[in-house]
Amino acid sequence: MAAGNPFNNILTTLEKPGGAHFGKYYSLPALNDSRIDRLPYSIRILLESAIRNCDEFQVKSKDVEKIIDWENTSPKQVEIPFKPARVLLQDFTGVPAVVDLACMRDAMNKLGGDSNKINPLVPVDLVIDHSVQVDVARSENAVRANMELEFQRNKERFAFLKWGSNAFHNMLVVPPGSGIVHQVNLEYLARVVFNTNGILYPDSVVGTDSHTTMIDGLGVAGWGVGGIEAEAAMLGQPMSMVLPGVVGFKLSGKLRDGVTATDLVLTVTQMLRKHGVVGKFVEFYGQGMSELSLADRATIANMSPEYGATMGFFPVDHVTLQYLKLTGRNDETISMIESYLRANKMFIDYSEPQSEKVYSSYLELNLEYVDPCVSGPKRPHDRVPLREMKADWHACLDNKVGFKGFAIPKESQNKVAEFNFHGTQAQLRHGDVVIAAITSCTNTSNPSVMLGAALVAKKACELGLEVKPWVKTSLAPGSGVVTKYLQKSGLQKYLNQLGFHIVGYGCTTCIGNSGDINEAVASAITENDMVAAAVLSGNRNFEGRVHPLTRANYLASPPLVVAYALAGTVDIDFETEPIGTRKDGKKIFFRDIWPTNEEVAHVVQSSVLPDMFKATYEAITQGNPMWNQLSVPSSTLYAWDPTSTYIHEPPYFKYMSMSPPGPHGVKDAYCLLNFGDSITTDHISPAGSIHKDSPAAKYLMERGVDRRDFNSYGSRRGNDEIMARGTFANIRLVNKLLKGEVGPKTIHIPCGEKLSVFDAAMRYKSEGPDTIILAGAEYGSGSSRDWAAKGPMLLGVKAVIAKSFERIHRSNLVGMGVIPLCFKPGEDAESLGLTGHERYTIDLPSNVSEIRPGQDVTVATDNGKSFTCTIRFDTEVELAYFNHGGILQYVIRNLINAKQ
């Protein structure tokens, strides 16, 4: 079990200027190890965390050594534990986390413990930003109208989250209508350096949203994780991660006039995709850093998931400190941050000579070579320079269907669809823009591109240009600060004049919450098979994501979104073709409405002020009238409503006692599913809409829910009954027991009947035998989803035997008490002659102390065949979870036993 920290001898006092002190810190220089000076800054944050949390149980001295020896260990895929300083949630992924905490409180209560001990042990910030849709646009009343609809749809979920914000300590819930989680994190929530009980340490964060990486632009290490890892981190458990390689990305020069941060991030994304950075950190450095504002850095960090890296990290320097001042952090805090990071060798001062850092590989970009560009029409890393856009568009129309192709026959490419818009005859061609959205934390956190867009609008209005009335234009800022500086600059009125009214404060179009487009436009697209376009300042443009009817979706800077809205089409060469024509017949070109960098800098300087950040965030927790009117019980235990189809008490702790159940083997288990390679979390875990013939649909209809009110699996993640029924409900599931048939079915082996996976699993559970799953390589790859582990556990699956597992999914299975086993290299179900019709027995010792991480175990079948597998409990901590029946049970018993 845990011991004292062997590194307490390097605890050092951090003096304040003038004699007092800030507190104590674990000093990296005090280790006197020259290897630390060569470590990338991002790895130093992992090192400090390991040293500070070392207890020789969860975090061991040998883990610290692995990190110090990063140069030699990182190529070897070694695992290390990491305990982040805090956790960040959004509402889609936050609901099941709060459900689990509420359920743990009930379990504590039943076992005679103090239920108030179930609280996050690290700060948790939950921002409600994923629910607002652009139902109303082009209206002064859009913000209010959209928020009213948001509350109607999500009242039950919101009330539950509001209860959680009162019932749990250490949990801040930022109400709907406040902003986008990552922008609020950047402008307000991020600490950069913590000072807790007199100990100073770097801020670090894991979030249940992939774009958590935006905070890396502020020098805070952060990335996205699945729900189970986030809950574990909240409850003080370490995350297991592979010690990553670090790509050094050197920046030099400065951006040319008229080139934006969005152009830069799309260029960087393409370069890093090509280089290959999956599972790695990217660390930016070089003299070009001084030319990049903090908001520009955050834009680049935000798109880490699009270039595939775990992080895109910018170490703290003077630019970071200036931003902290701008956003209203107080001088004392900024002084503490600078003093600590300098003392602990985590601050870059570009005025001093730089010591040589070692990186796993190197890239370089001269900012002067970045061109204005967009990305699309279907992937974020398919960059198109603006000057090549028209030619690229025509190539896409010609090309066969694919990421860069629509296969429109030559004779149909000039087709014109006629339609009637509110009594006016109108026309639609391939490439016409029907959605133009200034959206997404990627760009709305950046005043230079937001005010740049407003300047484009001003010039366009003064020249008499207009946006066609059927283009769905919208502006969804990531925080209230944007509204304040747009108003201060006097430019919001020009955006309104072009139809870019503010529609709400949330993710909106970027996550597909774009709302409906006009019916006449929709009919013109579907009836004539037109390739309509959306242009958005978002970070993802996969087909079907932005809107079902926009087959071409381009990512662009906010000023370019305005320009394309004015042009009304992506089929344009801005160099040679006019963007529009004035009433007097004069042609207006792109260059006539494009502001200079100097003009943008001037308006940013005079309009973006620290008081705006202070005023916005002082009011943020006060909520809004709709949130404040939600009445919620004041009890610390949640009053579950058995009739709710959104929030339901899960059965994880139903029969729990104070004694750990001990390791469970598997006896005479049937095979529920027999899979090949590359079964992803999308196959396993419910996502998207609820199919009308599915077990989940049946459950909802039996409870009087109309089909149009099914909502998505995502919005119902707080109800285990629905999520269990959705597990393995993917219509593309390939299960070998079905002999070639594709779909969410399986064979109930004892009777040979074909059933839905859920119905078969329930029949096994009622009859008594255990079940297992056979799988191939890379089982559980894809997005990290907690329900991909919770679902199989609720279906009664006791073990998964696979060729290999995706890293996070394996640890999630362990967290839910499911045994992961790997076939020996070169073996799999097929080579061993297993059909899935056998019964499987896995004998394990009844005492956990007799099981070693990674040991061999024998799997016996009822037809006399037996084979050896490796048990994939990889650490002593994971064995402790298994002994307790899962991570949540382990935490409950430990809290009850601690200092009674």
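**View 1. Helix H30 and the residues around its ends.** In helix H30, the buried residues are Ile808, His809, Arg810, Asn812, Leu813, Val814 and Gly815. That makes seven of the nine residues in this helix, which spans 807-815 and is mostly covered. As you explore, keep in mind that this is a predicted model. At the start of H30, look for Glu806: one of its side-chain oxygens comes to within 2.8 Å of the backbone nitrogen of His809. Just after the helix, Gly817 has a positive phi of about 80°.

View 2. Tyr764 sits in helix H28, residues 757-767. Is Tyr764 buried or exposed? Its relative accessibility is 1%, so Tyr764 counts as buried. Setting aside neighbours within four places in sequence, Tyr764 is in contact with several residues, including Tyr670, Cys671, Leu672, His748, Pro750 and Thr771. Leu672 lies 92 residues from Tyr764 in sequence, yet their C-alpha atoms are 8.9 Å apart in space. A polar atom of the Tyr764 side chain is also 2.9 Å from the backbone nitrogen of Ile749.

**View 3. Strand S15 and its partner S12.** Here is a friendly pattern to trace. In a regular strand, side chains alternate between the two faces of the sheet. Strand S12 (residues 246-252) runs parallel to S15, and six bridges join the two. Which residue of S15 is the bridge partner of Leu251? It is Leu365.

**View 4. Phe284 in the largest nonpolar core.** This core has 309 residues, and Trp223, Phe284 and Tyr779 have the most contacts inside it. Helix H5 (residues 91-110) gives the largest share, ten residues. Not counting residues up to four places away in sequence, Phe284 touches, among others, Phe249, Leu251, Val268, Met289, Tyr307 and Pro315.

View 5. Strands S2 (residues 21-26) and S8 (residues 199-202) pair in the parallel sense over two bridges, and Tyr25 stands opposite Leu200 in S8.

Definitions and conventions
Residues numbered from 1 in each chain as written. Predicted model: local features only at pLDDT ≥ 70, side-chain atom pairs only at ≥ 80, totals over all residues. Heavy atoms only, no water. Pairing = 2+ DSSP bridges. Helix = DSSP H or I, 4+ residues; strand = E, 2+ residues; numbered from the N terminus. Core = buried A, V, L, I, M, F, W, Y, C linked by side-chain atoms within 4.5 Å. Buried < 20%, exposed > 50% of the residue type's maximum accessible area, 1.4 Å probe, protein only. Contact = heavy atoms within 4.5 Å. Polar contact = N/O pair within 3.5 Å; in protein donor to acceptor, adjacent residues only side chain to side chain.
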